[in-house]
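Open the model in your viewer and keep the selection tool at hand. This tour goes stop by stop, saying what to select next and what is there.

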Amino acid sequence: MGSWISSKRPDAVWIAVTGPPAGGKTSLIQALRGEEDMQELSTSPPKYQYNHPRYPNVTFWEFKSNYLSCSKLDPYDILIIVSSVDQFASEDVNVAKEAQTKDKPCYFVRTNIDKDSQRCASTFSSINDLNRFLDSITSACVEYLSERGAQPSSVFLVSNTTPEIYQFSLLQDSLEKKIKELNRYVQH
């Protein structure tokens, strides 16, 4: 293991965020950190570190698909798999299955829900139609993950450009709860 892993503080919470290029990883991390500027960085390196401004012991590590392997999973406490389509990358699903065998919390985040909703908005005659549409996306994600052996207990639909709508706050609350459960909750 690298020296950067051995330097992990005992109270540190490391959150690995992985998914395909342009899948919304950076924008999601920016939103979780409370940043206003929600621009996607298209040339992010294969591994990048973001510290949380309010929780000094929480660090987000961004990985491109294929970079975070099952053998590199150990130092991370929480795993977030990101996809802008209903089918998550097979490499990420394999990492998720390994995380689940190690009892690591694993969240599946389907991004770009706002774009999907806008594309289909003309077919919605009521809020119930929108809810059915969102439920169908969640069901498609759960079905895809289940068929590949993952346990999709936490699937969140988010908008990276407008995080206050859809299920972003549920994801944020769930992460904070999990960090507290890890008994490593430090706030500025």
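Which residues do ring pairs link into a cluster? Select Trp14, Trp61, Phe63 and Tyr76: these are the members. Bear in mind that the model is predicted.

**Stop 1: Trp14 and Trp61**

Show just these two side chains. Their ring centres lie 5.1 Å apart. The planes meet at 55°, so this pair is tilted rather than edge-to-face, a class that takes angles over 60 degrees. Now colour the strands. Trp14 belongs to strand β1 (residues 13-19), and Trp61 to strand β3 (residues 58-64).

**Stop 2: Trp61 and Tyr76**

Trp61 sits in strand β3, while Tyr76 sits in the loop between β3 and β4 (78-83). The pair therefore ties together parts that are 15 residues apart in sequence.

Before moving on, zoom out: a search of the whole structure finds eight aromatic pairs.

**Stop 3: Ser65**

Next, select Ser65. Where is it? Ser65 lies in the loop between β3 and β4. Its relative accessible area is 14%, and because buried means under 20%, Ser65 is buried. Show what surrounds it. Leaving aside residues up to four places away in sequence, Ser65 touches Thr18, Gly19, Pro20, Ala89, Glu91 and Asp92. Then pick the C-alpha atoms of Ser65 and Phe88. They are 9.9 Å apart in space, and the residues are 23 apart in sequence.

**Stop 4: helices α2 and α6**

Switch to the cartoon view. Select helix α2 (residues 25-32) and helix α6 (residues 168-181). The two pack at an angle of about 70°, with their axes 11 Å apart. That angle makes α2 roughly perpendicular to α6. The crossing of α2 past α6 is right-handed.

Which residues meet here? Show Leu28, Ala31 and Leu32 in α2, then Phe168, Leu171, Gln172 and Leu175 in α6. By class, this contact of α2 with α6 has six nonpolar residues, one polar and no charged ones.

Key: Residues are numbered from 1 along each chain as its sequence is written. This is a predicted model: local features need pLDDT of at least 70, side-chain atom pairs count only at pLDDT 80 or more; totals for chains, interfaces and linings use all residues. Side-chain values use heavy atoms; hydrogens and water are left out. Axes are lines fitted to C-alpha atoms, for helices over the stretch in contact, and angles run from 0 to 180 degrees between N-to-C directions. Helices (H or I, at least four residues) and strands (E, at least two) are DSSP runs, numbered from the N terminus. Angles under 35 degrees count as roughly parallel, over 145 as roughly antiparallel, 65 to 115 as roughly perpendicular and the rest as oblique. A crossing is left-handed if the near helix is turned anticlockwise from the far one by less than a right angle, and right-handed if clockwise. Contact means heavy atoms within 4.5 Å. Ala, Val, Leu, Ile, Met, Phe, Trp, Tyr, Cys and Pro count as nonpolar, Asp, Glu, Lys and Arg as charged, and the others, Gly among them, as polar. Rings of Phe, Tyr and Trp (its six-membered ring) pair if their centres lie within 6.5 Å; planes under 30 degrees apart count as stacked, over 60 as edge-to-face and the rest as tilted. Buried means under 20% relative accessible area, exposed over 50%, partly exposed in between (1.4 Å probe, protein chains only).
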